Amino acid sequence: MPKFLLQILLFVLLSVGLTTSSMSAEVGLLDEADIVVSSRAKSERQQALKTALSAVFVKNSGLPSAVSHPLVKAQINQPEVLLTQYGYSEIDDELVLKANFDHKRIISTLRQAELPVWGKQRPLTLLWVSIEDNGERHILSDISDMDTRTQIELESSNKGIPVILPLMDLDDVMKINVSDVRGMFTDVVSEASKRYRADYFAIADMDQVGGFVRFQVSLFDKESDSAVMQPLIHHQAEVLDYETATNQILSTLAEYFVSQYAFADSGNSATTHLSLVGVQNMAQLVEIEAYLNQLSAIKSVSLHQFKADTVTYKLSLFGTADDLQKLLNINKRLTQLDTLNQSEPVDAVLPSPESEEDFKTELTETLIYQWH
């Protein structure tokens with residue numbers, strides 16, 4: 001295996017962790033990276049720390065271009081300023097430098113640069129790929145030993161996009177075949193996708209034509225109830241090889257998800273209230289507050305009231321309440337019950353204000369969710 005590919009593989013295995021939670025996935029280890037080095041020399045360590053910090057900025061923003069911003073570039077050129085710890089280890093006879101960086105200062109730099117911040121909670125995508133192997137076309141499975149499968153894992157991890165491939169076991173084989181994927185028959189693919197706990201599914205086809213690889217990819221909302229499913233995005237191109245095609249497929253998905261789930265500071269002082277029903281104890285309260293504080297759309301969280309089984313928070317937002325709802329809706333421990341505006345009657349599930357006038361003055365909108 002080429003050394004540069006091994007370096008990427010080590011980076012993925014050691015510095016990125018994905019923990020599936022219901023349908024969405026929590027991307028872990030966003031503030032550390034592992035870089036293969038040839039020695040412990042100071043000059044090489046300095047370059048490796050720059051490479052590691054660049055990777056951390058990209059993982060936390062979702063944008064590869066983030067490293068070109070002057071504020072980010074200045075930090076990358078002095079990685080020790082944000083460095084919290086580093087160390088060396090040997091893996092498969094390779095020397096690896098592990099570096100950890102200050103999470104708060106990473107996020108603060110991105111905010112100051114007015115760049116998007118992508119939190120840990122990210123949508124999970126099921127990827128159906130039609131590809132040729134040894135002269136025979138098939139659907140790429142989770143247990144395939146093809147280089148393309150490895151490349152998909154590498155690219156999805158490097159870009160911080162949780163992606164799974166189908167098992168292609170008996171259940172899948174009975175529901176779908178390679179022609180369905182190659183022809184992008186969305187009704188068949190949608191039905192076969194139901195067994196998988198993913199938020200989205202993507203259909204990709206890669207075809208070797210002469211000395212080039214022609215590919216196309218479409219992304220769909222798995223929960224769409226439309227009779228005729230329309231792709232959220234579609235991209236096609238002709239590139240040199242399968243590796244480049246895989247990179248572009250994952251980049252296409254990344255661009256969409258960043259546009260939907262990574263939020264820059266809008267400069268507005270938007271606020272909203274969030275009521276969660278079904279909270280039984282303080283342990284759940286601690287869990288909820290930890291969850292809210294890591295969401296990229298939320299600037300600050302303050303407890304408004306905890307009454308009976310309902311907790312209500314006042315939230316200061318970087319973007320809008322709609323941005324917040326996008327994040328809440330990919331957490332399947334939450335089910336939206338209602339949205340209350342000023343003009344609507346106050347439901348018993350909400351905290352009782354001292355006076356109706358105070359309520360109208362303070363509350364513009366309350367999102368109401370069931371906590372499971």
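Glutamine 85 stands opposite asparagine 100 of strand β5 in the predicted model, within a pairing of β4 and β5 (residues 94–101) that is antiparallel and extends over eight bridges; two strands are taken to pair if DSSP finds at least two bridges between them. Helices (H or I, at least four residues) and strands (E, at least two) are DSSP runs, numbered from the N terminus. The two strands belong to an open, antiparallel sheet of three strands in the order β3-β5-β4. Because β3 (32–37) and β4 (83–91) stand at the edges with a single partner strand each, one side of each is left without a neighbour in the sheet. The twist from one strand to the next averages 20°, where axes are lines fitted to C-alpha atoms, for helices over the stretch in contact, and angles run from 0 to 180 degrees between N-to-C directions.

Helix α2 lies across β3, β4 and β5 and runs at about 145° to β3, contact being defined as heavy atoms within 4.5 Å. The helix comprises 20 residues (42–61) and reaches 29 Å from its first C-alpha to its last, close to the 28 Å expected at 1.5 Å a residue, the expected span being 1.5 Å times one less than the number of residues. Residues of α2 that are buried include Ala48, Leu49, Ala52, Leu53 and the run from Ala55 to Ser61; buried denotes under 20% relative accessible area, exposed over 50%, and partly exposed in between (1.4 Å probe, protein chains only). The helix is followed by glycine 62, which has a positive phi near 90°.

A second open sheet contains five strands in the order β14-β15-β13-β17-β16, with mixed pairing. Here β14 (298–307) and β16 (334–341) stand at the edges, each with a single partner strand, so that one side of each is left without a neighbour in the sheet. Neighbouring strands of this sheet are turned by 25° against each other on average, direction ignored. Strands β13 (residues 271–277) and β17 (residues 365–371) pair in the parallel sense over five bridges, and isoleucine 368 of β17 is the bridge partner of serine 275. Helix α10 (residues 282–293) lies across β13, β14, β15 (310–317), β16 and β17, at about 160° to β14. Helix α11 (residues 321–328) also packs on the sheet, touching β13, β14, β15, β16 and β17, and its direction makes about 5° with that of β17.

Helices α5 (residues 147–158) and α9 pack at an angle of about 35°, with their axes 9 Å apart. The contact is made by Thr148, Gln151, Ile152, Glu155 and Ser156 of α5 together with Tyr242, Glu243, Thr246, Asn247 and Leu250 of α9.

The largest nonpolar core has 54 residues, and those with the most contacts inside it are Val129, Met206, Phe257, Leu276 and Leu328; such a core is a set of buried Ala, Val, Leu, Ile, Met, Phe, Trp, Tyr and Cys residues joined through side-chain atoms within 4.5 Å. Helix α9 (residues 242–261) supplies the largest share of this core, 10 residues. Apart from it lies another core, of 25 residues, among them Val56, Ala66, Phe101 and Ile107.

Overall, the secondary structure comes to 12 helices and 17 strands, and buried residues make up 49% of the 372 residues in the protein.

Residues are numbered from 1 along each chain as its sequence is written, and side-chain values use heavy atoms, with hydrogens and water left out. As the model is predicted, local features need pLDDT of at least 70 and side-chain atom pairs count only at pLDDT 80 or more, whereas totals for chains, interfaces and linings use all residues.
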